[in-house]
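These are my notebook entries on a structure that I had not looked at before. I wrote down each thing that I looked up, in the order in which I turned to it.

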Amino acid sequence: MRSILPRTIQGQLILSHLLVSLISIALISIYAAGVLYQAGRAQVEKQYTDLGIAAANELVEPLRQYTADQVTLETLEALLHRRLDRYAELHYTLFQPSGNPLIDKSGVMPSTAEPEIRQALQNDSGKVSWIGTDAQGSRRLYLAVRLTDGEQALGILRLDVPLSLALDASRRSLGLLIATALVVALTMSGVGFFLARSIAEPIQNITLASERLAQGELGARVEAPTVPYELDRLAKTFNSMADRLQLLVSELRSFVANASHELRTPLTAIKLRVEALRSGALEDPPVSERFLAEIESEVDRLSKMVSDLLDLSRIESGLDTSKKTTLDLGGVVADVYETFSVRAERAGVEMKMEIQPDVPAVLGNEDQLRRMLYNLVDNAIKYTHRGGQVILGLQTGQTPDTLLLTVKDTGFGIAAAQLPHVFERFYRVEATRPRYGPSQGSGLGLSISKSIAEAHGGKIGVESQVGKGSTFWVELPAHKIS
């Protein structure tokens with residue numbers, strides 16, 4: 001079933017503001033109507049009660065004299081006319097204590113006194129008010145005041161006015177209140193419109209930018225609003241995500257291009273040698289043997305490259321994070337030192353190991369940390385000339401909760417312009433850095449080392465001077481054993 005609510009956030013916010021305003025106005029008006037009605041009635045009732053009491057006080061002596069046959073009924077009528085006829089909307093009737101009417105403004109005497117008249121004779125206050133209906137069916141406000149001479153009741157003066165008189169002031173006040181409330185409601189709706197627009201417009205911009213991003217427009221961004229704070233954060237987070245996505249796509253494209261280039265070179269070499277073998281090189285055993293050896297070397301290189309790529313993918317995706325255990329990194333460094341000592345000796349490179357006593361343990365994957373060390377030490381030996389030196393170091397970092405692993409060599413060093421790129425995939429610095437080891441690798445060793453360090457919550461870096469050597473360092477968080 002289709003919803004009757006607006007489909008947009010802006011429409012829903014405007015509708016909610018309008019509904020809240022109207023419901024508030026209705027509730028306030030209902031409550032105010034009752035309060036204003038009671039207040040209006042109380043005001044009119046007090047006004048005419050005071051008038052009735054004043055008139056009754058003037059009538060006491062003449063009415064006592066009338067009872068004693070000292071004045072005529074016309075004297076009482078003249079007194080009432082003089083005192084009350086100025087109020088055109090007011091009707092009055094004078095009753096005897098027995099309830100029989102004595103004087104009526106209209107001249108038409110009521111048949112009998114209402115029960116409320118008798119109440120005025122009996123209650124302590126000597127007055128009573130009520131709402132009733134006259135002979136024409138109009139609702140009126142009635143007031144009855146008892147006239148007494150000491151303890152003796154001389155009569156009852158009843159006043160009545162149209163009930164609308166009591167409500168006129170209330171209606172005017174209520175009308176003013178409703179008009180004010182409507183103005184407030186319109187103002188709130190206007191504020192709600194601008195507020196809804198300020199919220200909906202940035203969301204719409206983010207939505208449009210997301211659609212553009214989904215269509216491949218990687219440069220799509222949104223302008224972050226200053227308010228509200230949440231949408232400002234959302235817009236900035238979206239832009240940050242888009243920047244990251246653009247960077248990842250750029251890295252992916254670069255990776256694909258570099259991988260294609262790196263794969264094409266050995267494949268081309270293999271193809272050329274196969275073609276040479278088919279063209280007759282097979283007939284020349286020394287040449288064919290050399291070509292087959294070169295083909296085997298290129299296949300090994302391809303195999304290692306594919307293996308490195310798979311390992312890099314696994315490390316960066318976190319597939320081996322569950323294999324982390326508490327490790328003595330000093331033992332791992334010692335094992336790597338023993339492994340490469342023979343190779344360093346063959347290359348004419350002196351190897352040293354400097355491990356600080358009682359270094360804390362780390363939480364990590366032993367195979368990955370070993371591979372990181374292998375890559376760093378292997379590169380150090382390759383790029384160090386005979387008579388040079390490679391030093392493996394392990395000590396506490398700048399803070400007690402970190403460990404600093406270093407691989408220092410005295411090789412040719414790396415040019416300053418090359419340093420920011422050494423951890424990039426497939427990046428090689430052979431043009432400025434001569435090698436003293438075997439043939440070139442896949443160009444992924446340092447990239448894999450960087451990924452391993454970051455997968456363990458650490459960081460990796462290099463310091464180097466051309467002609468003086470390089471120092472690769474890895475900072476890892478220490479593992480606190482509880």
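Which residues form a nonpolar patch on the surface? I found that L19, I23 and L27 do, with about 300 Å² of accessible area together; for a patch, residues need over 30% relative accessible area and no salt bridge, and nonpolar side chains (Val, Leu, Ile, Met, Phe, Trp, Tyr) are joined within 5 Å, like charges within 9 Å. Accessible areas come from the Shrake-Rupley method with a 1.4 Å probe, and for residues only the protein chains shown count as cover.

I noted where the model comes from: it is predicted, local features need pLDDT of at least 70, side-chain atom pairs count only at pLDDT 80 or more, and totals for chains, interfaces and linings use all residues. Residues are numbered from 1 along each chain as its sequence is written, and side-chain values use heavy atoms, with hydrogens and water left out.

**Overall.** I looked up the secondary structure and found nine helices and 12 strands, where helices (H or I, at least four residues) and strands (E, at least two) are DSSP runs numbered from the N terminus. Of the 482 residues, 38% are buried, a word that stands for under 20% relative accessible area, while exposed is over 50% and partly exposed lies in between (1.4 Å probe, protein chains only).

D50 and K46 form a salt bridge with the closest N and O atoms 3.1 Å apart, the term meaning a side-chain nitrogen of Lys or Arg within 4 Å of a carboxyl oxygen of Asp or Glu. K46 is exposed at 54%, whereas D50 is partly exposed at 40%.

**Links between helices.** I then turned to R83 and E58, whose closest N and O atoms are 2.9 Å apart in a salt bridge. Because R83 lies in helix α2 and E58 in helix α1, this pair ties together parts that are 25 residues apart in sequence. R83 is buried at 18%, and E58 is partly exposed at 36%. A salt bridge of 2.4 Å, N to O, joins R343 and D378; R343 belongs to helix α7 (residues 329-346) and D378 to helix α8 (residues 366-382), so parts 35 residues apart in sequence are tied together.

**The five-stranded sheet.** I read the strand order of an open sheet as β2-β1-β5-β4-β3, with antiparallel pairing; two strands pair if DSSP finds at least two bridges between them. At its edges are β2 (101-104) and β3 (127-133), each pairing on one side only. Five bridges join β1 (residues 91-95) to β5 (residues 152-162), and Y92 has L159 as its bridge partner in β5.

**A hairpin.** Strands β11 (residues 459-465) and β12 (residues 469-477) pair in the antiparallel sense over seven bridges, and three residues lie between them, with G467 taking a positive phi near 90° in this hairpin.

**A242.** Leaving aside neighbours within four places in sequence, A242 is in contact (heavy atoms within 4.5 Å) with L213, A220 and R221.
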